[in-house]
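The sequence and the coordinates are shown first, and the discussion follows.

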Amino acid sequence: MNLEAVRAIYIFEMARFFRTLMQSFISPVISTSLYFVVFGTAIGSRIDSVEGISYGAFIVPGLIMLSVMTQATANASFGIYFPKFMGTIYELLSAPVSFFEIVIGYVGAAATKALFIGTVIFVTAHFFVDLPVVHPLAMVAFLVLTCISFALLGFIIGIWAQNFEQLQLIPLLVITPLVFLGGSFYSVSMLPPVWQTITMFNPVVYLISGFRWAFFGTADVPIGLSLFAISVFTAGCLAVIWWIFKTGYRIKS
């Protein structure tokens, strides 16, 4: 493996993150703080608890997942789309660098950025609510896996997109609605039976449920099913990326 090439791509992408610190870091933190004010304070004052957990604390895992999924996807998609847009991707493809090393560099940087933002939001949450973590290792594992899997998805979107509008299409119209409808601010058990069944077809439910289990020890779906869901999602993204580089889909043309 060409570790020097991976390191160069990773450092370049991380440097871009710190050059746009206001957009990449401060903006999501401020947005999340506003969520705490609106949902945790305004709505939380009218809801005593959900499954024995204060509402302000209950929404924290969902808020972290919302930020992590959207940021990992956005950073990875823009990271690989910009070289396509500028034409510099051909220099990368002609260099002695394998597609595996390219993916590690871009996806690793995007996952690191999302993990950093998720960690800051986790720390910020302690200023608003008392937040226990029953399974800290599981929390870290779910957070890292989510960062990696959605960075892989963002990489696919960046390859697929042919303009900036398409670059934002899936995050805005697919990922964000799925997160909001995936139990971020409520428990699936609070829904009518019919909607509970429909919600189970939302893959984000399993990620949020597993992440919430790591905090409070309670989940809407079995923890094993959550791990299986994120493993299948990650494997699916890897398979699509392998196919993209094998066929040259929207890379060599």
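## Helix H8 and its cover

Asn 163 caps the N-terminal end of H8, with a side-chain oxygen placed 3.1 Å from the backbone nitrogen of Glu 165. The model is a predicted one, and the distances and accessibilities discussed below should be read with that in mind. Helix H8 runs over residues 164-180, and its 17 residues reach 24 Å from the first C-alpha to the last, close to the 24 Å expected at 1.5 Å a residue.

Within H8, the residues Leu 167, Pro 171, Ile 175 and Val 179 are buried. The cover over the buried residues of H8 includes H4, helix H7 (136-160) and helix H10 (203-216). An α-helix has 3.6 residues a turn, so residues three or four places apart point the same way.

## Helix H4, enclosed by the rest of the structure

Helix H4 covers residues 60-86, and the 39 Å between its end C-alpha atoms agrees with the 39 Å that its 27 residues should span at 1.5 Å a residue. Because 22 of the 27 residues of H4 are buried, this helix is largely enclosed by the rest of the structure. After H4 comes Gly 87, which has a positive phi, near 90°.

Thr 73 belongs to helix H4, and its relative accessibility of 0% places it among the buried residues. Once neighbours within four places in sequence are set aside, Thr 73 is in contact with Phe 150, Gly 154, Ile 157, Pro 171 and Ile 175. Pro 171 and Ile 175 in that list are also among the buried residues named for H8.

How many salt bridges does the model hold? The count comes to three. In one of them the side chains of Arg 7 and Glu 4 meet, at 3.3 Å from N to O; both residues lie in helix H1, three residues apart, which is about one turn of the helix. Arg 7 is partly exposed, with a relative accessible area of 48%, while Glu 4 is exposed at 53%, since the cut-off for exposed is over 50%.

Another salt bridge pairs Arg 16 with Glu 13, their closest N and O atoms being 2.7 Å apart. These two residues are three apart in helix H1, so they are separated by about one helical turn, and both are buried. For Arg 16 the relative accessibility is 15%, which counts as buried because the cut-off is under 20%.

Glu 13 also meets Lys 113 in a salt bridge, at 3.8 Å from N to O. This pair links distant parts of the chain, with Glu 13 in helix H1 and Lys 113 in helix H6, 100 residues apart. Lys 113 is buried, as is Glu 13, and salt bridges with shared partners join Glu 13, Arg 16 and Lys 113 into one network. Not counting residues up to four places away in sequence, Arg 16 touches Asn 75, Phe 78, Gly 79 and Lys 113.

Ser 226 lies in helix H11 and counts as buried, with a relative accessibility of 0%. Apart from neighbours within four places in sequence, Ser 226 is in contact with Phe 142, Tyr 206, Ser 209, Gly 210 and Val 221.

Gln 196, in helix H9 (residues 193-199), counts as partly exposed at 28% relative accessibility. Its side chain has a polar atom 3.4 Å from the backbone oxygen of Ser 189, and its contacts beyond four places in sequence are Val 188, Ser 189 and Leu 191. Gln 196 and Val 221 are 25 residues apart along the chain, and their C-alpha atoms are separated by 11 Å.

## A nonpolar patch on the surface

Which residues form the nonpolar patch on the surface? Met 1, Leu 3, Phe 99, Phe 100, Ile 104, Trp 242 and Trp 243 do so, with about 750 Å² of accessible area together. Helix H6 (99-125) and helix H11 (223-247) each supply at least two residues of the patch, and H6 gives the most, with three residues. Ile 104 lies in helix H6 and is partly exposed, with a relative accessible area of 31%.

Definitions and conventions
Residues are numbered from 1 along each chain as its sequence is written. This is a predicted model: local features need pLDDT of at least 70, side-chain atom pairs count only at pLDDT 80 or more; totals for chains, interfaces and linings use all residues. Side-chain values use heavy atoms; hydrogens and water are left out. Patches are made of residues with over 30% relative accessible area and no salt bridge: like charges are joined within 9 Å, nonpolar side chains (Val, Leu, Ile, Met, Phe, Trp, Tyr) within 5 Å. Accessible areas come from the Shrake-Rupley method with a 1.4 Å probe; for residues, only the protein chains shown count as cover. A salt bridge is a side-chain nitrogen of Lys or Arg within 4 Å of a carboxyl oxygen of Asp or Glu. Helices (H or I, at least four residues) and strands (E, at least two) are DSSP runs, numbered from the N terminus. Buried means under 20% relative accessible area, exposed over 50%, partly exposed in between (1.4 Å probe, protein chains only). Contact means heavy atoms within 4.5 Å. The expected span of a helix is 1.5 Å times one less than its number of residues. A polar contact is a pair of N or O atoms within 3.5 Å; within protein, one must be able to donate a hydrogen and the other to accept it, and residues adjacent in sequence count only if both atoms are side-chain atoms.
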